[in-house]
Amino acid sequence: MSRRFWRRRLSSVAAIAATLVLVLAGGAYAANPIITSIYTADPAALVVGNTMYIYSGHDEAAPGATNFSMRDWHVLSSTDANTWTDNGAKLSIADFSWAGADAWAGEVEPRNGKYYWYVPVNGNGPGWMDIGVAVGDSPLGPFRDAKGGPLISDSTPNSSPLNIDPTVFTDDDGQAYIYWGGYWGVRAAKLKSNMIELDGSVVTPQGLTNYWEAPWMFKRNGVYYMVYAANDTNGCVTSSSYACQRYATASNPLGPWTQRGVILDQVSSTTSHAAVVEFNGQWYMVYHTADAPGGGNFRRSVAVDKLYFNADGTIQKVIQTRGGGTGGDNKALTATASTSYVSSWESLAAINDGYTPASSADRAHAVYGNWPQQGAQWVQYDWPAAVTLNRVRAYWFDDDQGIDLPASCSVQYWTGSAWQNVPGASACGVAANTFNTVTFTPVTTTRIRLNFTSRSGYSTGLLEVQALAP
């Protein structure tokens, strides 16, 4: 179908970056990335008591660098998954006398009052990356080399093509397992009870379709879950240079595994490296992006978002948040969308499919647009049962042609008999290249509506609209 395109000239566009902490009835909401004083990457999460710890690599590459510079690991902590503290570097390459570079993605596993930190490092011997083990008496250490040499190296029979990204899981019977590997080469083995020796042979797990790197294993309701980075373009990423997070399930800790789907789309950095953990009754995914100021593929930063399971044990796709943090359940994912008008070649379903746009001009995914309509338009969410909401977040579409950012917008809810403006609403933003958040006093309703009015001579569009619970 043909479409009329209009040209226009932009005099200037000002990019404004702001980090918001929203204090609402539900408490204080953190901003993603959770730490911006340094660049953090490759997170692994651990819950001990009332504290959630994130063990993170530390990116130190200079601006414009084209390779990793990583010499130590930091420990981040929080008692509410919203406010985070950087406890500083708790382990470094210097703590391993046999290693000299590349403090890459590690994980900590508790056992018998000790905390074992499994880390990949350049061993300065034959081959490239080895996996070492440090041990400490508390989640914050101090940590020391527990073995005096690699646990896994290229000389380990049936080792991975790249021995990186260890994840360790201890089953209910006390048996510990280690998974690791990059370059499509996932490997697994049992660990002895001392946690610093392999117990038996290394196996190649089956069924982890499109595996690339970064395994993370956990168990829920008797089912084993494996989250891992994939780089296929079959519904995963737009370019194999990037990664998404797929997951698989099994009835045995060594598999075979059944691949279930993508649960985290590609992020702003080429890698994403996720961990999944339950904390205070809520599940979270921890991962990294390039979203911090000055960030990039070698200057990454940790993000934390909520993760939800369906009744059958499958996992819903994680909604990436930027600057809005982990405080909210996106009810839009279960809503039925409607609108005043949608162009026949566009998609209304695009607004609540969980996609995180790269920019307002993002055409890598379906979009909603109402060309050639102008003036007042709306999109609406309906639920079969009442939901409680306190925020709506809109990511506007602007194709630099016939669709422009709106002139104004507002949010209304259905009282049961009429539409009414949400109470205590903050300004409804119309900025490009970001989620515009409208906060309001919580309302319980079966319908929510985003109204918007076009600029003169243009139509309007949306890439995603979130409706968030406290």
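N112 sits in the loop between β7 (107-111) and β8 (114-122); strands here are DSSP runs (E, at least two residues), numbered from the N terminus. This is a predicted model, so local features need pLDDT of at least 70 and side-chain atom pairs count only at pLDDT 80 or more, while totals for chains, interfaces and linings use all residues. Residues are numbered from 1 along each chain as its sequence is written, and side-chain values use heavy atoms, with hydrogens and water left out.

Most residues other than glycine have a negative phi, and most peptide bonds are trans. N112 is exposed, at a relative accessible area of 69%. The cut-offs, with a 1.4 Å probe and protein chains only, are under 20% relative accessible area for buried, over 50% for exposed, and in between for partly exposed.

H273 has a positive phi too, near 45°, and is likewise a residue other than glycine. H273 belongs to the loop between β18 and β19 (275-279). Is H273 buried or exposed? It's buried, with a relative accessible area of 9%.

Then there are the cis peptide bonds. One runs from G141 to P142, with omega near 10°, and P142 is in the loop between β9 (129-136) and β10 (143-145). Another joins G255 and P256, where omega is about 5°. P256 is placed in the loop between β17 (244-250) and β18 (258-264).

**Salt bridges**

Side chains of opposite charge can pair when their charged atoms come close. Taking a salt bridge as a side-chain nitrogen of Lys or Arg within 4 Å of a carboxyl oxygen of Asp or Glu, the count comes to 12 salt bridges. Here are some of them:

| Pair | N to O distance |
|---|---|
| R71 and E60 | 2.9 Å |
| D382 and R447 | 3.4 Å |
| R455 and D404 | 3.7 Å |

Take R71 and E60, which meet in a salt bridge. Both R71 and E60 are in the loop between β4 (51-59) and β5 (72-78), 11 residues apart. R71 counts as exposed, at 53% relative accessibility, whereas E60 counts as partly exposed, at 28%.

D382 and R447 also meet in a salt bridge. D382 is in strand β24 (residues 376-396) and R447 in strand β27 (residues 436-453), so this pair ties together parts that are 65 residues apart in sequence. D382 counts as partly exposed at 23% relative accessibility, and R447 counts as partly exposed at 27%.

The side chains of R455 and D404 make a salt bridge as well. R455 lies in the loop between β27 and β28 (461-468), and D404 in the loop between β24 and β25 (408-414), so the pair ties together parts that are 51 residues apart in sequence. R455 counts as partly exposed, at 34% relative accessibility, but D404 is buried, with a relative accessible area of 8%. Elsewhere, salt bridges that share partners join D42, D59 and R300 into one network.

**A sheet of three strands**

Strands of a sheet pair through backbone hydrogen bonds, either parallel or antiparallel.

How many bridges join β20 to β21? There are 7, between strand β20 (residues 282-289) and β21, which run antiparallel. Y287 stands opposite A303 in β21.

**The second largest cavity**

A cavity is a set of points, on a 1 Å grid over the protein atoms alone, where a 1.4 Å probe fits but cannot get out; lining residues have an atom within 4 Å of a point. The structure holds 4 cavities of 30 Å³ or more. Grid points are joined across faces, edges and corners, and a volume is the space filled by probe spheres set on the points. The second largest cavity has a volume of about 60 Å³.

What lines the second largest cavity? The lining is I351, V379, Q380, Y381, V392, V411, I448, R449, L450 and V465. β24 supplies the largest share, 4 residues, and β24 and β27 each supply at least two. By class, this lining has 8 nonpolar, 1 polar and 1 charged residues. In that scheme Ala, Val, Leu, Ile, Met, Phe, Trp, Tyr, Cys and Pro are nonpolar, Asp, Glu, Lys and Arg are charged, and the others, Gly among them, are polar.

Methods
1 Å grid on protein atoms, 1.4 Å probe; cavity = no way out; pocket = protein on both sides within 12 Å on 5 of 7 lines; lining within 4 Å. Pairing = 2+ DSSP bridges.
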